[in-house]
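Hello,

Here is the structure I said I would pass on. Please open it and keep it beside you while you read the notes below.

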Amino acid sequence: MKLRNILVIVLAVLCTVVLAGCDEQKKTESGGSAAAVSSSTASGSSKSAGQEAAVTDISVYYPDVNATGLVAVTKNVKVKGQDKYKAAVEALLAGTDDKRLTTVFPKKTKLLKVAVSGSTARVDFDKNLTAGFVGGSTGEEMLVGSLVNTLTEFPEIKKVQILVEGKEIDSLSGHLDLSKPVSRMSELIKK
Amino acid sequence: MSLVCNRLCKVLLVLAALVGFWGLAEDTGRAEAAVQPSHELNFFRYESFTHEGRNWLRIELGIKGGSVEYTTKVKELTPKQLHVILQDTCRGKVKSDISLDRKVAKYLTLRDNGDNSLDVMVSLNKLAADQAYKIYFAEPERHGKKPYRMVIEIAEDKLASEYEEEKPKTPDSFENLAGHRIVLDPGHGGSDSGARGHGGLMEKTATLAISKNVAAILRSSGAVVTMTRDTDVDVYGPLASDHNELQARVNVGNANPGNEIFVSIHCDAFTSPTAHGTSAFYYQSSYRGRLLAESIHQSIVEETGLASRGAKTARFYVIRNSAMPSTLIETAFISNYQEEALLGDPDFQYRIAVAICRGISQYFKMR
């Protein structure tokens, strides 16, 4: 029983480290990644010299398991250059260890790009965002709310437009109108 | 380097998955055994009495833990047996088989069902349909040393007036609805199955079944009902964009300026199966939309006992673009095991439809 628990933990840690290592390496090879969540830094990071990496705290919103609202969690994120927005969304996709909270993003969802024009952030995901989405008004509200509220924590961002593979979408699963940029959804935040 | 890394990843993942499953299997087993009903019987007595020239039998069941939810049932094959099913209750130390007075009822059995409910079965002298009965709860009596009780009172027969009282209760017609024009929108359909439960129930199936019941009850109450769909189809066309599909539903309502309200019926879903309950949404600037959402929501909570998540504002497409007071009802969570079972049950599909109609009737009364 104890032995099993230890085994699980050891394997989980090993997996995280190795996976993170792979991921990091791929990103540096393709010259992409500008940001990485601090909890998953490993071997590859030393290679990416050039720009100084700053460590900042950001607030990321996750829904509680009963989907009654969103709760802000402070995440320590390593940011290089201007790409704090991408780091925030990556942290949101990565989820949280807090057992009372969960994430609504389909597991395979990948962030492609965050572009800011004026006060609107245009966030581009791969097609797993819509293909893997389980649906429901509440699920939709929590997903959109967690993204919009996390990004509008940056005072310069006022609205968020969600894109899939570079294209604007009408809706996730037919409830919320996402064809226009969405403003902060404060009513979803748990007091 | 990368190749070795990938291989190592795969091996570790497989190992982790195996150990993970091992853990899961044991954990779920333990969780099931741990659940105990919150109520237990702690008292039993019965007595005969006469009231207005009739013989009655009073059965008192002491209940530890206060008021319980219950349902009554008479099975077709055993029409002389009246079942009272107490939710979340176990028999405790009360005897399981008890003889009764024989004038009104013969005997009573107490059986713990597998699902934490207790089946109280009273074997009557006549058909259950021909003996009047009432059930209520009584507060503790210090002097009589009686705890909080459920009281079942059964008469030896049923009076003509009592037969009459039961008749008009047919729930399939409501006041205040005659002549009103109502648009019903069963969520999703056709190529879009909506959310899907763990047991495989599709949202489009449940929403259509409930909406058809709602339409039938509204029509029998004299309302004029338009449905965005009444079969398993897409309203705009198969595999249309969400915008075209949602606008097509709005168009059905807006096409006739005489239409008064738009009611969209959905099932909720979430990644975590613990999320549960019922909610109603309205567009924030619509005062009447709010009245409509609130009266339907309140009626659903009262009628079904589903947990209330509230009547709330939301920026959903169909309620934002309908040219009339509108609401989107999230009946219950298809992603929650218990609520998925309810949504797939024809009895529940009818009960929640009755609740929706009562709410609509309330709305027209207030307006």
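In this predicted model, helix H5 (residues 287-304) of chain B packs against helix H8 (residues 346-366) of chain B, with the axes 8 Å apart and at an angle of about 140°. Angles over 145 degrees would count as roughly antiparallel, so H5(B) and H8(B) are oblique to each other. Their crossing is right-handed. On the H5(B) side, the residues in contact include Leu291(B), Leu292(B), Ile296(B) and Glu303(B); on the H8(B) side, they include Phe348(B), Ile352(B), Arg358(B) and Tyr363(B). By class, the residues of this contact are twelve nonpolar, five polar and four charged.

Chain A has a helix pair to look at as well. The axes of helix H2 (residues 84-94) of chain A and helix H4 (residues 137-151) of chain A come within 10 Å and cross at roughly 145°. This crossing is right-handed. Tyr85(A), Ala88(A), Val89(A) and Leu92(A) from H2(A) meet Ser146(A), Leu147(A), Thr150(A) and Leu151(A) from H4(A). The contact has six nonpolar and two polar residues, and no charged ones.

Several residues of H2(A) are buried, among them Ala87(A), Ala91(A) and Leu93(A). Tyr85(A), Ala88(A), Val89(A) and Leu92(A) are buried too. After H2(A) comes Gly95(A), which has a positive phi, near 85°.

Last, the cysteines. Cys90(B) has a relative accessibility of 17% and therefore counts as buried, since the cut-off is under 20%. Cys267(B), at 0%, is also buried. The count of disulfides over all chains is zero.

Regards

Terms used. Residues are numbered from 1 along each chain as its sequence is written. Chains are lettered from A and ligands numbered from 1 in the order in which they are written. This is a predicted model: local features need pLDDT of at least 70, side-chain atom pairs count only at pLDDT 80 or more; totals for chains, interfaces and linings use all residues. Side-chain values use heavy atoms; hydrogens and water are left out. Axes are lines fitted to C-alpha atoms, for helices over the stretch in contact, and angles run from 0 to 180 degrees between N-to-C directions. Helices (H or I, at least four residues) and strands (E, at least two) are DSSP runs, numbered from the N terminus. A crossing is left-handed if the near helix is turned anticlockwise from the far one by less than a right angle, and right-handed if clockwise. Contact means heavy atoms within 4.5 Å. Ala, Val, Leu, Ile, Met, Phe, Trp, Tyr, Cys and Pro count as nonpolar, Asp, Glu, Lys and Arg as charged, and the others, Gly among them, as polar. Buried means under 20% relative accessible area, exposed over 50%, partly exposed in between (1.4 Å probe, protein chains only). A disulfide is a pair of cysteine sulfur atoms within 2.5 Å. Angles under 35 degrees count as roughly parallel, over 145 as roughly antiparallel, 65 to 115 as roughly perpendicular and the rest as oblique.
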